[in-house]
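This report describes a two-chain model for a computational reader.

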Amino acid sequence: MKILLTGARIIDPAQNIDSRMDVFLEDGKIAKKGANLSKSLKSKDSEKTTKIIDLAGMILVPGLIDMHTHLREPGFEYKETIASGSAAAVAGGFTSIACMPNTNPINDNRSITEFIRRKAAEAALANVYPIGAISKGSAGSQLTEFWDLKEAGIIALSDDGKPVMDAALMRRAMEYAYSLGLPVISHCEDTNLSGAGLMNEGYYSTILGLSGIPGIAEEAMVARDILIAEFTNTCVHIAHVSTAGSVRLIREAKKRGLKVTAETAPHYFTLTDESLQSYDTNFKVNPPLRSEQDVAAIKEGLSDGTIDVIACDHAPHGRTDKEVEFEYAANGISGLETSLALSLKLIHDKILGWPELIAIMSVNPASILNLPKGTLETGADADITVIDPLLKWTVDVQAFRSRGKNSPFNGRQMQGKAIMTIIGGEIKYDGQ
Amino acid sequence: MKFERKDILGIKELSVDEINLILETAESFLEISTRKIKKVPILRGKTIINLFYEASTRTRTSFEIAGKRLSADTINISASTSSVVKGETLIDTARNLEAMNPDVIVIRHSASGAPHLLARLVKQSIINAGDGAHEHPTQALLDMMTIKEHKGKIAGLNVAIIGDIEHSRVARSNIYGLSKMGANVVLAGPATMLPRDIEQMGVKVYNKIEDAIEGVDVIMMLRIQLERQKQCIFPSLREYSQHYCLNRNNIKLAKKDVIVMHPGPINRGVEISPDIADDPSCSVILDQVNKGVAVRMALLYLLTGGGE
């Protein structure tokens, strides 16, 4: 199948491209880019075998990558499956996603990794990259077989959701992983400090009578992991940064040349803890929604490059997990289908320009995870996201492809949406 | 004034007019409890369910008596005897109760916000009888009624609340209520018992009881829960009582006509010395309990359309 995409504005931060041109896809690869490719096509009589798609007014970017999702399979298929999560990804404009290991059983051995890859291949939608557990059962005491897991197909390591409290274990994990070229993704939370906390500790936790999770529960671990990375000369990627203090620590570490990268999620630059006043469990996430000052710092961190990546921490849940007392409700937001539009708001609000945002959502995560993705270079995989920047739409969780309907953004007016997702030269989502 | 609310979830959302209406209605009900036949037919045919997910003697009994004195049928459900032990969710329990058509559901729950969840789901009136560390609106109303009776007013009074503010729903409801009614509220407790940014509620905060009670009209002592010691918020009852117990000595710092309150149950010798608790010249603790029945009668009456 050959596809000619015409008339769109092409933004490829990896190559510093931002201009109007046509893109020709052949054999699953980016074959050619240039002005008026349709003319040369005619002369080559291949018009019949080529699908021509007019994308005037659209923005064409390298396939977006979300490096932090929970696909729940195996074990929690009522929340999400690899197939439904992949469908949500492509509908949200994501061509590649990385999935965290906190399934049941935990992805801490080759057989689970292989199972995930097989299910992803059967779904044949997004590229799914499994992340392996740092410790067996994510129990925080014994390292998993990183080497074996890598050969089975993991692209990073993390005990996401179960923070590694033992600093010595974290040190060993970072050293061993670095020697194998595997990034370690750290869910930074000191569980002694977060305790039985349910939301950000501050004025709103005080008036709501909900126990607080202080910002320092995250920051103390960010500081620890930066220190380990410095001491061992290895790298660390900080997951879901939510506080001003974390941004400051990471900024300072980067300034000193340390190999530290970081991500944040759309809810951390969109919502504050004030929205918990209704006790709506859809706002319950970990790390929790923070204060206005934290939101401002996250935006600043995105705009000055301190935060490299936006990843939505897609955490789908069933109704039974959320329709309970706030205290008992599960943490998480089903985010893949709202992430892009919430991020585009950063452009409308002049926090980021188009090329900066696209880099944050494509080439940056690709380079952290060492994936040969995130660019429209000639010869690269034809993974492409087409965005209609003006399309106005309203979030309706019932229309989500994800099984997780848990979104605090239900009913919200959005502008901008992925209208086509192409993976390996095949159209996997067509919302036109 | 007509009472328009479906539920009583907290003091935060009540207006001064609504609080005054509730207190005035309660005052008019006080007399019923002094009669020989303590029953009026106002709520005959109405059904009130007391759904208690947390242990309570005083509040549950008070609600039950309030309902019965107004001739309503009151049913008590406590977590240990209900389907909770079988794993039924709060929502399912509520929907089942709703299907039996009660008029009011009174709920106490250890999870903050549980009454709000219920109020969104069922058509019946919900009264919050205490949710987690969030609010305990009927306690604050009975406290305000007690203060008003003894001081003739609330506006302009200085009120000190002493103890574990962090875990106290009584403190939060009283801060809202007393501030709305024009009192000045000060707090005192060890730093570990004062929740973050509490000053933003418009109160002054001290660490020493002596600083807080100096010149006040009302002292409200909170119960120290022994199990909190495990959370490391205080080292020992011994040390706490040495520094935060209201006694003959430090009470002299307050106004001569100070009244002493406590939501109960009291830990004698821990947060309040027995001779203060039992001193009829300052302690109004049992009076609070007495007002509790009247306040709850007033709320049941107003919520079931009594204001019409």
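How much area is buried between chain A and chain B, and what percentage of that area do carbon and sulfur atoms give? In this predicted model, the area buried between the two chains is about 1600 Å², and carbon and sulfur atoms account for 53% of it. The side of chain A that touches chain B is made up of 8 nonpolar, 5 polar and 4 charged residues. In total, 17 residues from chain A and 23 residues from chain B take part in the contact. The count of salt bridges between chain A and chain B is 0. Polar contacts are present, however: 8 residue pairs are in polar contact between the chains, both residues of each pair being at pLDDT 80 or more.

| Interface | Buried area | Share on carbon and sulfur atoms | Salt bridges |
|---|---|---|---|
| Chain A and chain B | about 1600 Å² | 53% | 0 salt bridges |
| Domain 1 of chain A and domain 2 of chain A | about 3100 Å² | 65% | 0 salt bridges |

Contact between the domains of chain A involves 35 residues of domain 1 and 46 residues of domain 2. Across this interface there are 18 residue pairs in polar contact, with both residues at pLDDT 80 or more. On the domain 1 side of chain A, at least two residues each are supplied by strand S2 (9-12), strand S18 (384-394), strand S19 (413-423) and strand S20 (426-430). Of these, S19(A) gives the most, with 8 residues. The residues on that side of domain 1 of chain A divide into 18 nonpolar, 8 polar and 9 charged.

The overall dimensions of each chain may be considered next. Chain A contains 15 helices and 20 strands. Its radius of gyration is 21 Å, close to the 22 Å that the globule rule gives for 432 residues, so chain A is as compact as a globular protein of that length. Taken along the principal axes, the C-alpha atoms of chain A fill a box of roughly 70 × 45 × 45 Å.

Chain B has 10 helices and 9 strands. The radius of gyration of chain B is 19 Å, close to the 19 Å of the globule rule for 308 residues, and chain B is therefore as compact as a globular protein of that length. The C-alpha trace of chain B spans about 55 × 45 × 35 Å along its principal axes.

Backbone geometry provides the last topic. Most residues other than glycine have a negative phi, and most peptide bonds are trans. Where, against that background, does the peptide bond from A:Glu73 to A:Pro74 stand, cis or trans? This bond is cis, with omega near 5 degrees. A:Pro74 is located in the loop between strand S8 (64-69) and helix H2 (82-91) of chain A. In chain B, the peptide bond from B:Gly264 to B:Pro265 is cis, with omega near -10 degrees. B:Pro265 is placed in the loop between strand S9 (259-261) and helix H9 (274-277) of chain B.

A:His240 is a residue other than glycine with a positive phi, near 25 degrees. The loop that holds A:His240 runs between strand S15 (236-238) and helix H9 (244-255) of chain A.

Methods:
Residues are numbered from 1 along each chain as its sequence is written. Chains are lettered from A and ligands numbered from 1 in the order in which they are written. This is a predicted model: local features need pLDDT of at least 70, side-chain atom pairs count only at pLDDT 80 or more; totals for chains, interfaces and linings use all residues. Side-chain values use heavy atoms; hydrogens and water are left out. Contact means heavy atoms within 4.5 Å. Buried area is the accessible area (1.4 Å probe) that two parts lose on being put together, summed over both. A salt bridge is a side-chain nitrogen of Lys or Arg within 4 Å of a carboxyl oxygen of Asp or Glu. A polar contact is a pair of N or O atoms within 3.5 Å; within protein, one must be able to donate a hydrogen and the other to accept it, and residues adjacent in sequence count only if both atoms are side-chain atoms. Ala, Val, Leu, Ile, Met, Phe, Trp, Tyr, Cys and Pro count as nonpolar, Asp, Glu, Lys and Arg as charged, and the others, Gly among them, as polar. Helices (H or I, at least four residues) and strands (E, at least two) are DSSP runs, numbered from the N terminus. The radius of gyration is taken over C-alpha atoms; the globule rule is 2.2 Å times the number of residues to the power 0.38.
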